[in-house]
Amino acid sequence: MIETLVLAAVLQQPNDRDVSLQQPSRGAYSQSIRAAATVPAQHKRWAQCVLTRESGGVLHNKQSRETARNPHSSAAGRWQFLQAWQHGGSFMVKDRLVKFGIPVAQAKQVRKHLGTTPIHKWDGIWQDVLFNEVIARGGKHHWNGGSHSC
C-alpha cells in the first residue's frame, strides 16, 4: 500500500521539462517564455498606452491587471481580449512558444490548458504572449479607437 502511494506521488511530480502553467516564469523554459512575452522595443510605447487604456496595467509587471474584466462586454485580462479569442488565442500562444524554442509537446500542453481557461484567469505572461503574437501577425488594429487613441 505504501509503495503504491510513493509510486503515485513520484509519477505526479512535474519533470524538469514541464512548463509551469500557473507560474510560467518559474518552470522549465521560463527564459524562452519570458522572451515570448516581452513586447518588442518598437512597440513598447504604443503597448503601454494600450495597456493603460484597456485595463490600467503596467507593462513591466506581467501580473498587473491580469484579472481585469469589462462590465459591459466579454473583454477581459490585461489587454481586454474578447471571450472569442480564448480558443484561437490559445493556438496563437502555442505557435509563438514554438517560435521561441519551446518543444511542440510542451507548447501543446500550454494550448490545451489555456483553451479551457477564461483569459482573465490566464497568467499575465500568457496574456502578453498572445498580445505579442497578435501584433506580430499584423493585428495592431484590434486596439484602434477607444476613448483615446494610442
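Visitor: What share of the contacts in the protein with a separation of 6 or more is between residues 24 or more positions apart?
Guide: That share is 64%. Contact here means heavy atoms within 4.5 Å. Before we go on, bear in mind that this is a predicted model, in which local features need pLDDT of at least 70, side-chain atom pairs count only at pLDDT 80 or more, and totals for chains, interfaces and linings use all residues. Residues are numbered from 1 along each chain as its sequence is written, and side-chain values use heavy atoms, with hydrogens and water left out.

Visitor: How do you know how confident the predictor is in the protein?
Guide: We look at pLDDT, the predictor's confidence in each residue, from 0 to 100. The protein averages 89, and 88% of the residues score at least 70. Among its elements, helix α1 (residues 2–12) has the lowest mean pLDDT, 44, while α6 has the highest, 98.

Visitor: What makes up the secondary structure of the protein?
Guide: Helices are DSSP runs of H or I with at least four residues, strands are runs of E with at least two, and both are numbered from the N terminus. By that rule there are 6 helices and 0 strands. Along the sequence you read α-α-α-α-α-α.

Visitor: What makes a set of residues a nonpolar core?
Guide: The set must be buried Ala, Val, Leu, Ile, Met, Phe, Trp, Tyr and Cys residues joined through side-chain atoms within 4.5 Å. The largest one here has 29 residues, and W79, V93, L97, W126, F131 and W143 have the most contacts inside it. Elements giving two or more residues to this core are α2 (30–37), α3 (44–54), α4 (85–99), α5 (104–115) and α6 (124–136). The largest share, 7 residues, comes from α6. As for W126, its contacts include I33, V93, L97, V110 and L114, not counting residues up to four places away in sequence.

Visitor: Why are the rings of W46 and F131 called a pair, and of which kind?
Guide: Rings of Phe, Tyr and Trp (its six-membered ring) pair if their centres lie within 6.5 Å; planes under 30 degrees apart count as stacked, over 60 as edge-to-face and the rest as tilted. The W46 and F131 centres are 5.9 Å apart with planes at 20 degrees, so this pair is stacked. W46 sits in helix α3 and F131 in helix α6, so the pair ties together parts 85 residues apart in sequence.

Visitor: And what makes the pair of F131 and W143 edge-to-face?
Guide: The ring centres of F131 and W143 are 4.9 Å apart and the planes are at 65 degrees, so the pair is edge-to-face. F131 is buried at a relative accessible area of 1%, and W143 is buried too, at 5%. W143 is found in the segment after α6. W46, W79, F81, W85, F131 and W143 form one aromatic cluster.

Visitor: How do you know that K140 lies over the face of W46?
Guide: A charge sits over a ring if NZ of Lys or CZ of Arg is within 6 Å of the ring centre and within 35 degrees of the ring normal. K140 lies over the face of W46, at 4.6 Å from the ring centre.

Technical notes. Buried < 20%, exposed > 50% of the residue type's maximum accessible area, 1.4 Å probe, protein only.
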